[in-house]
Amino acid sequence: MFLIIGLSRADEKEQYEKFLSGSNEAFEKLVIAYKDGLILFINRLIQNITIAEDIAQDAFVEVFVHKERYNLETSFKTYLYTIGRNKAVDYIRKNQRIVLVDEYPDAVKEEVSLEQKVIDEEEKRIIYHAMKQLKKEYQTAIILIDFEGLSYADAARILNKTNGQIKVLIHRARKSLAKVLNREGYKYEK
């Protein structure tokens, strides 16, 4: 089971500064806070949890080996997810295959009635099926902003776009998703 924790911006900065000063314990706290979310994010891109775990580990190794590269101006999560995304893209390129989103595992399951569970699963299935029909770039934007809850600025950094470009991209992505869902007889509300 995955547990997504995360840290506040101030806590991230504090832990990273301790890590820069030589504290492996501080680095371990960063890993614990972000490893599950990073694995899930990468898995959504490549659809193989084992490989996603390896790529996430590689991302943390890169942070550990090149700790001076992070400048503390952006959030650590944004920096880490950018590294993870780049490594996932490299993996996809090396294996020359395009992977689409199939399933999104729930990070934290709440106890809900069986009826609500069935409704929720059906809604997810419908959305994921519709997302598979979108451009890869639209899928990634929706995942980062709507599923991961990142800000437009953070998503723009991860996707190597300007804030204006990411706003246009997410608008078009949501509009495309709504068209696909409407075509299939569903109403999309975001």
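These legends accompany close-up views of a predicted model. Residues are numbered from 1 along each chain as its sequence is written, and side-chain values use heavy atoms, with hydrogens and water left out. Because the model is predicted, local features need pLDDT of at least 70 and side-chain atom pairs count only at pLDDT 80 or more, while totals for chains, interfaces and linings use all residues.

View 1. Helix H6 spans residues 136–147. Helices are DSSP runs (H or I, at least four residues), numbered from the N terminus. The buried residues of H6 are Tyr-138, Gln-139, Thr-140, Ala-141, Ile-142, Ile-143, Leu-144 and Ile-145. Buried means under 20% relative accessible area, exposed over 50%, and partly exposed in between (1.4 Å probe, protein chains only). Just after H6, Gly-149 has a positive phi of about 75 degrees.

View 2. Glu-12 and Arg-9 pair through their side chains at 3.8 Å, N to O. A salt bridge is a side-chain nitrogen of Lys or Arg within 4 Å of a carboxyl oxygen of Asp or Glu. Both residues lie in helix H1 (residues 9–20), 3 residues apart, about one turn of the helix. Glu-12 is buried at 3% relative accessibility. Arg-9 is partly exposed at 33%.

View 3. Glu-137 and Lys-161 form a salt bridge at 2.8 Å, N to O. This pair links distant parts of the chain, 24 residues apart: Glu-137 sits in helix H6, Lys-161 in the loop between helix H7 (152–158) and helix H8 (163–183). Glu-137 is partly exposed at 37% relative accessibility, and Lys-161 is partly exposed at 27%. Arg-174 and Asp-146 form another salt bridge, at 2.5 Å, N to O. Arg-174 lies in helix H8 and Asp-146 in helix H6, so this pair ties together parts 28 residues apart in sequence.

**View 4. A salt-bridge network.** The whole structure holds 10 salt bridges.

**View 5. A nonpolar surface patch.** Val-61, Phe-64 and Val-65 make a nonpolar patch of about 250 Å². Patches are made of residues with over 30% relative accessible area and no salt bridge; like charges are joined within 9 Å, nonpolar side chains (Val, Leu, Ile, Met, Phe, Trp, Tyr) within 5 Å. Accessible areas come from the Shrake-Rupley method with a 1.4 Å probe; for residues, only the protein chains shown count as cover. Val-61 belongs to helix H3 (residues 49–65). Val-61 is partly exposed, at 44% relative accessible area.

Definitions and conventions. Helix = DSSP H or I, 4+ residues; strand = E, 2+ residues; numbered from the N terminus.
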